[in-house]
Amino acid sequence: MIAFEKYTNQDNTATVYYGDCLTALRDLQDGSVDLIFADPPYNIGKKFGEFKDVWPSDEEYADWCYTWLALCIKKIKPTGSLYIMASTQAMPYLDLWLRDRMTILSRIVWHYDSSGIQAKKYFGSLYEPILFCIKNSNIYTFNANDIEVEAKTGAVRKLIDYRKEIPALYKAKKIPGNTWYIPRVRYRMKEYEEHPSQKPEKLLERIIKASTNANDLVLDPFGGTFTTCAVAQRLGRKSIGIELQLDYVKIGLRRLGIATKFKGEELRALDKTYVRKNGNGIHGDVINEKQMRLFDVTI
Ligand SMILES: C[S@@+](CC[C@H](N)C(=O)[O-])C[C@H]1O[C@@H](n2cnc3c(N)ncnc32)[C@H](O)[C@@H]1O
């Protein structure tokens, strides 16, 4: 049995592995990756194709995470970074384990407007935690200027900051804090692919811009729809994505322009054109204006 299959584009800037990350990670050179974004199954019972996201206990799930995390850490350059997502309940295990092995610089909360299912008897979950870790706090990439957002404080009202020695207008831009308000990927968005937990391109854009430079190598051990690799490619970074489920691998091959056919099958994007009740056809992003102004990113 072949442990994994590997597909690369013509200029060797994007690679897709079809297989288990515990095997595929071992194929990569130690100390070669600038940024890892890891968005594993959360142990909350989601279905990823044939894979069911359930472990017998929290401890066994944590042990599985420690195994691939140890491999990931080996692959990161001494100047590199790791961002990891997890469920709110699992993150404490990973935080305690990681803080003994890396420096955790930020504990980020990605929050959004709606969870889909509305909780009626408790406070519904509207956020997911992300850890930003580095190997060496003296040398690491953080391109603050590339990720600035609008400062929605005094600058909007053109107020003067009198706390300064020479009073000046409030700055119109700022580096985002550690709570990121970014809409989840919905069916009607252009970027939507068929996957139960696709992450927004805007989320990855901020991470990749902050923690890598042009031509750096970005690795995603749980590719899913290969959002990380697609955004890395758009931003002129190299990428490697690993995924266990063939249907998602095919999305990656198409999204990254690695192949238009897979074993004879045409790789086609979802046709999301549909007709509203009033008869108008519609395609692409639909988020109302009022909602858009609340978000932490320009959509
Ligand atoms: C939370 S999703 C990742 C979503 C992705 N960030 C995106 O934007 O589409 C986790 C993915 O990991 C895949 N997966 C599960 N176990 C894996 C393993 N051992 N090795 C590689 N991929 C795995 C699942 O099939 C699923 O697509």
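Strand 8, residues 127-134, is mostly covered, with 6 of its 8 residues buried. Please bear in mind that we are looking at a predicted model. Which strands does strand 8 pair with? Strand 7, residues 103-111, runs antiparallel to strand 8 and is joined to it by 8 bridges. Within that pairing, Trp110 stands opposite Glu128 of strand 8. Ser81, for example, has Ile134 in strand 8 as its bridge partner.

I turn now to helix 5, residues 227-234. Of its 8 residues, 6 are buried, and the helix is therefore largely enclosed by the rest of the structure. The buried residues are Thr227, Thr228, Cys229, Ala230, Val231 and Ala232. What do they pack against? Their partners are strand 2 (14-19), strand 3 (33-38), strand 14 (217-220) and strand 15, together with helix 4 (201-211) and helix 6 (246-255). Just after helix 5, Gly236 adopts a positive phi of about 75°.

Finally, the ligand. It is surrounded by 21 residues, the closest being Phe48, Phe222, Gly224, Thr225 and Thr227. Helix 1 (21-24) and strand 15 (238-243) are the elements that each contribute two or more residues to this shell. By class, the shell comprises 10 nonpolar, 7 polar and 4 charged residues.

Note on methods: Residues are numbered from 1 along each chain as its sequence is written. This is a predicted model: local features need pLDDT of at least 70, side-chain atom pairs count only at pLDDT 80 or more; totals for chains, interfaces and linings use all residues. A residue is buried if 20 or more other C-beta atoms lie within 10 Å of its own, exposed if 12 or fewer, and partly exposed in between; C-beta atoms are placed from the backbone. Helices (H or I, at least four residues) and strands (E, at least two) are DSSP runs, numbered from the N terminus. Two strands pair if DSSP finds at least two bridges between them. A residue is near a molecule or strand if its C-beta atom, placed from the backbone, lies within 6 Å of it. Ala, Val, Leu, Ile, Met, Phe, Trp, Tyr, Cys and Pro count as nonpolar, Asp, Glu, Lys and Arg as charged, and the others, Gly among them, as polar. Two residues are in contact if their C-beta atoms, placed from the backbone, lie within 7 Å.
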